[in-house]
Each structure stands twice: as structure tokens, then as C-alpha cells.
Amino acid sequence: MVDITGQYMLNLLLNGLLIGVIYALMALGLTLIFSVLGIVSFAHGEFYMIGGYVVYFVLQRFTNLHPYFAVLIAGLVTFVIGFIAERLLLQPLAKGEIERPAEYAILITFGLAFFLQFLMIAIVGPFPKKAARFFDLPEISTDILVTTATTLRIFEVPLSGNRLIAAVTAAILISATIFFMAKTWLGRGLQAVSQDRQAAAVVGINPLKMNTLAFSLGTMLAGMSGAVLVAVFSWVPWVGVPASGKSFIVIVLGGMGSMPGAVLGGLILGVVESLGAGLIPDPGRALAYKDAIGLLIFALVLLIKPTGLFGRDL
Amino acid sequence: MSRKIYISVFLLVVSAIILSACASEPVVETVVVTQEVVVTEQVEVIVTQEVVVTEEVEVIVEATPVAGRCAPMSLDEVETIKIGATLPQSAPGSVVGGLAMQTAFNIAVDEINSGGGILGKDVDVIFYDTASLPERGTAAMEYLITQECVAAVVGEYHSSAGVAMKEVSKKYHIPTVFAETWNDTITGVGYEEVFRIAPASSIVAAVDANYLEALGLEYVVIVTENSDYGIPAAEATTEQLAAKGIESDTFSADIGTQDFAPVIARIQAGETPEAVLVLLTGETSYNFEQQAAEAGLMPTAETICIANQVAINSEEFWTNVPDGNYCSFRKVGLVPSLANDVTLAFEEKYRERFDRFPESYALEAYDSLMLMANAIETAGSLDPDEIIAALEATDITLAQGRYHFPYGTQNPVPADQPDWMWHQWPDVAVLFLQYFEEGQSADDAAVVWPPQYQTHDTLLIPFGESP
Amino acid sequence: MNLEVRDVVKNFGGLQALNHVSLSIDKPEIVGLIGPNGAGKTTLTNIIDGVYKPTEGEVWLNNERVDKMPPYQIARRGLGRTFQVTRAFRRMTVMENMLVPALALHPGANRREVEQKAYEVLEFLTVEHLANELGRGLSGGQQKLLELGRLLMLDPQFIILDEPFAGVHPKLQEAIYSYINKAHSDGKAIILISHDMDSIFTLSERLVVLHFGAVIADGDPAKVKDDSAVIEAYLGKDEEEDEDA
């Protein structure tokens, strides 16, 4: 039914990459949390959701505020909430005060997820919200690239302006994170703790402080992923649920605890989902299988290389 | 920390989700007991026509020993009359819909009780959140019937839950009036306990097809949701369109899908459709519609946008689909211009909570409870058979208009009518509206179908033009 | 300077790993700590280091009680240790490994100065040419040297070396010898845990022997060597092994 032209493939590829960058940003946060705290936060999607809502309400209240300020505020809010959550709920785990740590880690973050989700339903209600477009694109007209306020056409492939801005913002944030991890002392400290907790302690790094920092940074990254997307998708309190699942798949694909893995994994998932939805012969079902594709990759990774693309040596 | 534990848990959760999705068809229990009741009843009615009524009652009681059912059979047994109401109050159900219905139910209960209740007894409505899930629908019914001992059940928004619930209505012989569930089979199976005041999917599909035919279209794309509502609705629409010589292709997506770029690319890569009919609901529909607009798929001069009916919530629509001007959308239920006195009285109270004209599911929720109350009052009893008989004989005007059920036990569905006409209110209003000004309120949108209700003398306002 | 282990008992469930151990170091000296496998040497190290908390008894460092402190605080107070299985940061370069402790202690320090010092230490350890290699790309012996160098960046007063010679090429062993001697002449106290009797007797000024979690000898190596209890418990068997080597 569909003519598979170069343009069609380019469309699928580009849109997949745009979404993939967002997946990458979110997964980066989750993998950071895993690499330092050693747990998977099942509440990650809820921070994504809260980040989106913060931007929505901030921009509603201060209509002239530059949207990037709203994104930063969203990051700040989710950082603080993550900080408090880690101190209250996860520190006891790190201090060895919990009898059944593995089960506790899973249940406590699940509990936090439900709490945040239903708290938001109570506070903001279930009605879908959406922030106004962040920027209008500048109008350009060349052979290859044509833009209107809302849409960018490259080689005649239409890309949503909203989505492009979200992806570019996410890419900036990913770069900032990588810079932070590689160049700042705190970033180095996080890396040290994630690579060898005990060795880090004997050279004077406070592992508990790094736990709090890692978790808060992770939730901040999730919050900022949501913050850039609230102008792209309609936002409801349960919007974080599928996002959580996708992040988990990405970090397993990329290798749990690996930051380059999270970035590459996110891009791969975005592209494969897009190609799958666009190329599966049955048009009626293709989109519905999109999520299944992600899970299929997940299963394949576990079967073939369980440690993921950049997996840590066990 | 063991990674294996996380992966196991995650796979477990995933399997559970997949299994529950596969198990969306409820296990149908053949309840032979009920069948026997029918037979016995028929026989006894004939024989005891000249005998005192009490004898008839005795027979029925003996023949309906359904374990677990604890609803009172006579009004003397109770101080308040308990009626169950199911609705979605959490995801994946439509929380928006549930909120509206709950408000409507509460308005109805207040009205009934302040008017002296039913035959002097207050009504107590027991809510249960089905979240659109079939297993929760079943659980809701089991709970309401065997724990709360409700005499009747009303409401429900999602077909997925309703399809499962009807089996339990039948199992326990509890009269049920469905408010907003469209799946044909809900009345198509012909259970005597089950009534419906929402349109059957096929009714809606027929109206959709009639409208598209009137527009002279030849190729249409349908985008629907993967649910017990969405898939059958798309199938019914496809069939009806085919019967009129209109070709169509259906794309389905899961509820909650955010990213429609691949499917939009796919549609754009194929033959340009003359219309896109959106059967997705809720925020999922907004995601598709806005992304389709951004991609230049619809609404355009070549492709008509027929948005999902939630577009009626104009404030929400324009926030979520800012580029949705010139989209049409189906509206089930009354528009303000068709309101009667009951509608207006209800609207006044409804506006205290939501600043808008009541949606069809709010009106239906209100009406479903009022209908049931009316039937119990007419029957003068909590005996299910008498309530059912009273429901079948309904002739009352409520918020959506005059209710009657042409086909039932006294008048079975004839061969030339579809089976879902059983216990189905046939006069549901189904209209098409169209926005022609950005930010417009739904009250100001043009009515474009059916012809007798058109406000701007046109089937469709062309893209970019003023009417 | 003063490190004092006061009457420490450590039980793991029903097993007693340390049985009223007392040890005191109050000057720069090289103390050899020996004993059969399972005698409690690593447990004692972990107690001093803060990884374990003693069941009974106390640990004091420079007149401050430290047995209740977490390891990173003890590290900051001037006590460094290495591990039997080397724990270099595998995904960082050698230079980055060296920078971590310094920046942990002095986050505002001038980076170039710190790098200079690190380079000097690496030079001393003869591994300066590996400065940009990733930790996991080094041989076992080189990783050990890295761990030693990294430790020096803490500028600790007390150093505990747990099996520093195990699996190390003789040439690199030389470097470790000079490291220990230099640290000693820089005024540091070193506790040296090893099964390599040659090195122990070459380097130690004092010898402490652990057996079943108790100190059975503590003093001049020559005298300890001839102590009958020690011979019976430990040295006798090892002397035979030594002759074969």
C-alpha cells in the first residue's frame, strides 16, 4: 500500500531521531540513578510528568517568560522533589537500614510513582493540557529547507517545529550533562562512586551525598524531558507511565549504568519504533505494534547480550 | 543490587499487561438456571392468570436461587434503595468522562431524594471505578450485586467494561441501564436485563456513513483506538461506507499513544484521503489531530478533518489542537438548541460544577438513573422482572428527549432489524458540527448535519473560508 | 600522630573474627601484619578503615574516636588503604584516577597544581607514561601501582597496604619497595599486610602476628621470628614454602 520512497524513509528516520533524543535525555537520568544508587527508579516517568506540568503552569501564569526559563524552573522543581524523596525514602536503603533491600527498592519507587500520579490528578485534574508552542520557527526558503512558523520541511519531509525545538533543547541538555559529568569535580565524584563505591569512599568521597546528587540530577533530567515535550503532546497525569517503560527499555538496551549507552539506546529505540510503525505491512496494526517493537528489542538484547550495548563488565 | 530481579519484575508486569489485554473477552458463563426461570415463568403466567398474584411471586422466587445475589425483592425489606453506578475514575479509563458522569449522578440523586425518593424511600447510589477495564467491570458488578446488594445498576462509559458487565447482569438477573457504552453486542445479545440509552456503534457508523456519502467522498482514512469500542466502531463504519461505495483504510493505535508521526507519514505516503475520521478518544485524539495539522495532513483544502467528539469541549480542544480550525466533529446527544425543560434544569445545576453545556455522557448518566428510578416507581417493587417490565414500557421525557424501547420481551426484534435494536433507545441525536473560527466555543460552531438541523445552510464550510 | 586500636572484638553472627585486638602506632614506622589465612588481617583493616563497626572496643585516630565514622570521613582524616583485589577506577584514565582524591578533599584546588603533583607521583612509581591510559587497560601490577599513587594524593598519615606484592612482576615490586620507603621517610606510618615473607622481613621495623583473630606477637621482627608460639602457629609452615620459592 505504501510506496517506500527515499523521502518516506527519511521522514521515518528523522522523526525517529527527534523522538529518540528525548528518550535519550530521559534514559540518561534513569541510568545515572542506577549507576550510583544501584536501583531502578520506577517513579521516573512521574518526574517527567511533573516537569511538563510545571512548564505549563509557569507559562500560563507568566505568558511573557522565555520558555527556556520555564524549562529550567521545571528542572529545579523536579530536582528538589527528587532530593526530598531520596533523603526520605532511599537514604535508609543506602545506609543499610532496610532488611530486604531489593524488594524495598522496587516497592518504594512504585509507591512514589502512584503517589505522585494521583496527587497530580487531585491537584490539576484529568483534563488534557498543552503548553503553547515555544518558538515560531524563522521563515526560510531554500531548495532543501523550507520553514513556516510551525513546520520545517527538509527535502520536502515535514517535521513538526514543536518537536524539532524539543529535540534540539534536549540535545543541549544532554551535552550539558555530559560536560558536567566529565569536567566538574561533582561529576567526577559521581563517576567514581558509580564505578567503585568502596574505592570512592576510601579516597574521601561521601557516597551518601553522591546518592542524593545522582537521584536529584536524574529526576531533574526526567523533569526536563517532560518540560520540553509539554508543547508537543497533550499532557495528563498518567502521561509518565509509558515514558517510564520506554526509559527502562533504553537503559537495558544501552547497558544499565552506561551514559553513552543511554544516549545511543534512546536514539536507536526512537528510530526502530518509527521504522517499525511506518514499515510493518499491516497499516491497521502497525502503530499499535510500535510499543511491542521496543519490547521485542528488549527481549533480544537480554537474550543476545544481556549487559546491553555498552554494558558494564559484571 | 540484583539486576535480574528488576528484569524479572518488569517482564512480569509486561506479561500481566499483555495477558490482560488478550483476556479482554470476558469468560461467558452459561447460566442455565436463568434459562429455566424464563421457561417456568412463561408456563406459570399462562396457568396462573386467574390466580392470586402472590402465587406467581412464589414461583419466581423458587426458580431464581442465584447464589450471591442479595438484592431485596420487595420495598418493605429496605429503608433505602441501593443502585449501583459504574464509571471510569482512573486511567486507562476516561477520568474526564467519569468526573462528568459522577456529577450528573449526584444531581439526579439529589433531585430524586429531595422529591421524596422512590415511593418514599431514599435512593443511595454506590459508585465503582471500572477504569475501562473488562476485569474491573466484572469485579464492579460482582461487588455491587453480592456485597452492596444493589437492586439495579446504571451508567458505565467504556464499552470494554460494559461488554463484560452485561454477562454479570444476566448471571444475577439485575436490571441494568447502560449510559454511554456503544459496542453493538451489549444489546445485540438480547439479554432481558440489559438496556441502553447511548447509540449503538452501528447507529453512529450509519450516521457517519450517511454524512460522508452526502459530501460525495470516495476515499476516507479512519484512525481508531485499540479497544472494544474502537475496533468494532471502525469495522462498522468501514462496512457502512463500503455499502455506499466509499473506500476506506483503518489505522489503529493504543489508548495513550503520543507520537503519531509514523502513521501520519504513512497516510501521507499513500493516496490522499478526502477525509480523516478520528475514532480515537480523549487526549490521544488531540495528539493525533494536532500532529496531523502540523504535518499538513488535515484539515486542508484536500482533506476534511473529522475530529473525535471530545472536540466539543472547545476550551480544551483549542488548547490541545490550536491548529484545528475547520475540523468537524460528531456530536452525540443534544445541542443547546434542542434542549427541553428537563435538559435546561439539569444544565443549570451542571454548570455550577463545569462551565459548559452538559456532554452527552453527563446527560446519559443523569437519564440512566432517572429512568431506573422511574421504572422502580412504576413497578412499585424491587422485583427484577417487574422492573424490567416497567423499563420496557418506559414512556418518559428526560434530559435527552423522550425515551422508549420499541423492542423487548413483548415485542422481539424482527428479522429485518439489527439485533442490537433490542432494548435500545432509537432516537439518539447524532449531529455533525464544524468549527470555523479559531478559539470558537462549541455553542457557536456550525451544525452541518443532518440537513434539518443545519445552522449555516451547508454540509461543510470549505477550508479557509467563512460560512 | 597516633593510631590506636583498643580491645576490639568483631563477631559475624556466631563467628568471632577478632578477639580483643589491641594495637598502637604513634610514630612513622613500617609495621608488618602477618598471620595465616583467616586470621583476621583484612577484617582488622576494615575495622580501622570504617567499613566494619567493631562489636566491642574502639578505634582512635589522632585523639579522635573514629570507629563509628563512615570510611570517607576516616579517609579525610588521614588514613588510606588499598585492597587485595585492586580497585582502580576502571573507566577513568590514570590521571583522572589520581585527581579524584585530591579534588574530593580540596574541591577548589588549582587543577594544574594537582595534576603536576600527580604526575610527579606517577613518575616516582615509573608509570607516568600511562597517564592517559584507561584503568582497565593496565596490567594487574600497573593497577596496583596506580592504587598506591592514588592513595598518596590523599596525603595520609597512615597507610594500610593489603597484599601489595601479590601477583606483581619483580620489576614493579622494586617500585613498590621505593614507594614504601619514601612514604616512611616522609613521616608516614605504614601497615603492611603480606604473605611474602622476604618483603616483610626486608621492610618491617615491627611485626604483628594475628592468629584466629588474636594478636599473638608484637615487636621486633627478629625476636618475633623466634617466638615459639608464632613458629608453631604460622612461620614454621611458611619457612618451608619460602625455601621452595
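How many residues of chain A are in contact with how many residues of chain B? In this predicted model, 63 residues of chain A contact 46 residues of chain B, contact meaning heavy atoms within 4.5 Å. Residues are numbered from 1 along each chain as its sequence is written, chains are lettered from A in the order in which they are written, and side-chain values use heavy atoms, with hydrogens and water left out. Local features need pLDDT of at least 70 and side-chain atom pairs count only at pLDDT 80 or more, whereas totals for chains, interfaces and linings use all residues.

**View 1. The interface of chain A and chain B.** About 4,600 Å² is buried between chain A and chain B, with 64% of it on carbon and sulfur atoms; buried area is the accessible area (1.4 Å probe) that two parts lose on being put together, summed over both. Phe127(A), Lys130(A) and Leu287(A) supply 13% of the area that chain A buries against chain B, more than any other three residues.

**View 2. Domain 2 against domain 3 in chain B.** The domain assignment, automatic or from a database, gives domain 2 as 75-200 + 340-421 and domain 3 as 202-335 + 430-453 of chain B. Between these two domains of chain B, about 1,600 Å² is buried, of which carbon and sulfur atoms give 58%. Trp182(B), Pro199(B) and Phe357(B) supply 28% of the area that domain 2 of chain B buries against domain 3 of chain B, more than any other three residues. The two domains of chain B have 0 salt bridges between them, but 7 residue pairs are in polar contact across their interface (both at pLDDT 80 or more).

**View 3. The disulfide of Cys70(B) and Cys149(B).** Cys70(B) is joined to Cys149(B) by a disulfide (S to S 2.0 Å), the term denoting a pair of cysteine sulfur atoms within 2.5 Å. The link of Cys70(B) and Cys149(B) is left-handed, with -100 degrees about the S-S bond.

Conventions: Salt bridge = Lys/Arg side-chain N within 4 Å of Asp/Glu carboxyl O. Polar contact = N/O pair within 3.5 Å; in protein donor to acceptor, adjacent residues only side chain to side chain.
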